[in-house]
Amino acid sequence: MLKIFLLRHGQTAWNADNNRYCGRTDIPLTEIGIVQAEAVRQQLKELSLDGVYSSPLQRAALTAEITSGRPPIKDHRLTEADFGLWEKKTKEEFIPENPSLWQAWMDDPGAARAGGTGETGMEVVLRVDDFFKELLATRRSGNYLVAAHNGVNRLYLAYKLGMPLKNYRRIVQENSSVTLFSLDDKGEFLLERLNAKW
């Protein structure tokens, strides 16, 4: 059985700026974000990790490295969702520009393209799910730290829990929080802790 410690990266300046959408923009952690990652390292210091993976974006990769004490294996499938025209903006900025785009995403993010030109929620889910299927097929068991992002984490969790993807925003993933789930030999998903601070 795989035990996955799914970590959202630490705070960025855009997270602190009314949750400005980072998406694929590769911005660094703030000093607070670094402190948050160090706190997770202390929380998980007794945990023996069999592998560390992250999105290639620096905010996730550095969070993983600080938390685990070693460089992560970077995998593009863990990259944050492409939010298209919404990237670099807050909801207060982009919704008035085109309210129908936001409404389409809220109604059916599985099929709608984020920001009109970005990914669909299902495209995000399928690439993240592919990463975990490959990990299960090649590793079979052990403890793995996986550092990724708010959007991809929540969409994947909603999918694995059998929720309509439009409910993904009801799942909380705070900066540098850990969500623990397991995958058995058949790929069955079990959520053990959500948005936890050890």
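Start by selecting Trp-86: leaving aside residues up to four places away in sequence, Trp-86 touches Tyr-21, Phe-94, Leu-101, Trp-102, Trp-105, Ala-114 and Gly-115. The model on screen is a predicted one. Trp-86 is buried, at a relative accessible area of 3%.

**Stop 1**

Two of them are visited here.

Take Tyr-21 and Phe-94 first. How are the two rings arranged? Tyr-21 and Phe-94 are edge-to-face, with 5.1 Å from centre to centre and 80° between the planes. Tyr-21 sits in the loop between α1 (13-16) and α2 (31-43), while Phe-94 belongs to helix α4 (residues 91-97), so the pair ties together parts 73 residues apart in sequence. Tyr-21 is buried, with a relative accessible area of 8%, and Phe-94 is buried at 2%.

Now move to Trp-86 and Trp-102. This aromatic pair is also edge-to-face, at 5.3 Å centre to centre and 65° between the planes. Trp-86 is in the loop between β3 (73-74) and α4, and Trp-102 is in helix α5 (residues 99-107); the pair links distant parts of the chain, 16 residues apart. Trp-102 has 10% relative accessibility and counts as buried.

**Stop 2: the nonpolar cores**

Keep Trp-86 and select Ile-4, Phe-132, Leu-135, Val-146, Phe-181 and Leu-183 with it. In the largest nonpolar core, which has 35 residues, these are the ones that touch the most other members. Which elements give two or more residues to this core? They are β1, α5, α6, β4, α7 and β5. Helix α6 supplies the largest share, 7 residues.

Apart from this core lies another one, of 12 residues; Phe-5, Leu-7, Leu-49 and Ala-147 are among them. As background, nonpolar side chains tend to be buried together in soluble globular proteins.

**Stop 3: helices α6 and α7**

Select residues 121-139 for helix α6 and residues 150-160 for helix α7. Their axes are 9 Å apart and the helices pack at an angle of about 80°. That makes α6 roughly perpendicular to α7, because angles of 65 to 115 degrees count as such.

To see the contact, show side chains on both helices. From α6 come Gly-121, Val-124, Val-125, Arg-127, Val-128, Asp-129 and Phe-132; from α7 come Val-152, Leu-155, Tyr-156, Tyr-159 and Lys-160. Sorted by class, the contact has 8 nonpolar, 1 polar and 3 charged residues.

Next, colour α7 by burial. Of its 11 residues, 9 are buried, so α7 is largely enclosed by the rest of the structure. The buried ones are Asn-150, Gly-151, Val-152, Asn-153, Arg-154, Leu-155, Tyr-156, Leu-157 and Ala-158. What do the buried residues of α7 pack against? Their partners are β1 (2-8), α6, β4 (142-148), β5 (178-183) and β6 (189-196).

**Stop 4: positive phi values**

Follow the chain past α7 to Gly-162, where phi is positive, near 75°. Most residues other than glycine have a negative phi.

Arg-140 is not a glycine, yet its phi is positive at about 70°. Arg-140 is found in the loop between α6 and β4. With 39% relative accessibility, Arg-140 counts as partly exposed.

Ser-176, also a residue other than glycine, has a positive phi near 60°. Ser-176 is in the loop between α7 and β5. Is Ser-176 buried or exposed? Ser-176 is buried, with a relative accessible area of 0%.

**Stop 5: His-9**

From Ser-176, step to one of its contacts, His-9. His-9 is placed in the loop between β1 and α1 and is buried, with a relative accessible area of 2%. Not counting residues up to four places away in sequence, His-9 touches Asn-15, Arg-59, Ala-60, Thr-63, Ala-148, His-149, Asn-175 and Ser-176.

To finish, draw a distance between the C-alpha atoms of His-9 and Leu-29: they are 8.3 Å apart in space and 20 residues apart in sequence.

Key: Residues are numbered from 1 along each chain as its sequence is written. Side-chain values use heavy atoms; hydrogens and water are left out. Axes are lines fitted to C-alpha atoms, for helices over the stretch in contact, and angles run from 0 to 180 degrees between N-to-C directions. Helices (H or I, at least four residues) and strands (E, at least two) are DSSP runs, numbered from the N terminus. Angles under 35 degrees count as roughly parallel, over 145 as roughly antiparallel, 65 to 115 as roughly perpendicular and the rest as oblique. Contact means heavy atoms within 4.5 Å. Ala, Val, Leu, Ile, Met, Phe, Trp, Tyr, Cys and Pro count as nonpolar, Asp, Glu, Lys and Arg as charged, and the others, Gly among them, as polar. Buried means under 20% relative accessible area, exposed over 50%, partly exposed in between (1.4 Å probe, protein chains only). Rings of Phe, Tyr and Trp (its six-membered ring) pair if their centres lie within 6.5 Å; planes under 30 degrees apart count as stacked, over 60 as edge-to-face and the rest as tilted. A nonpolar core is a set of buried Ala, Val, Leu, Ile, Met, Phe, Trp, Tyr and Cys residues joined through side-chain atoms within 4.5 Å.
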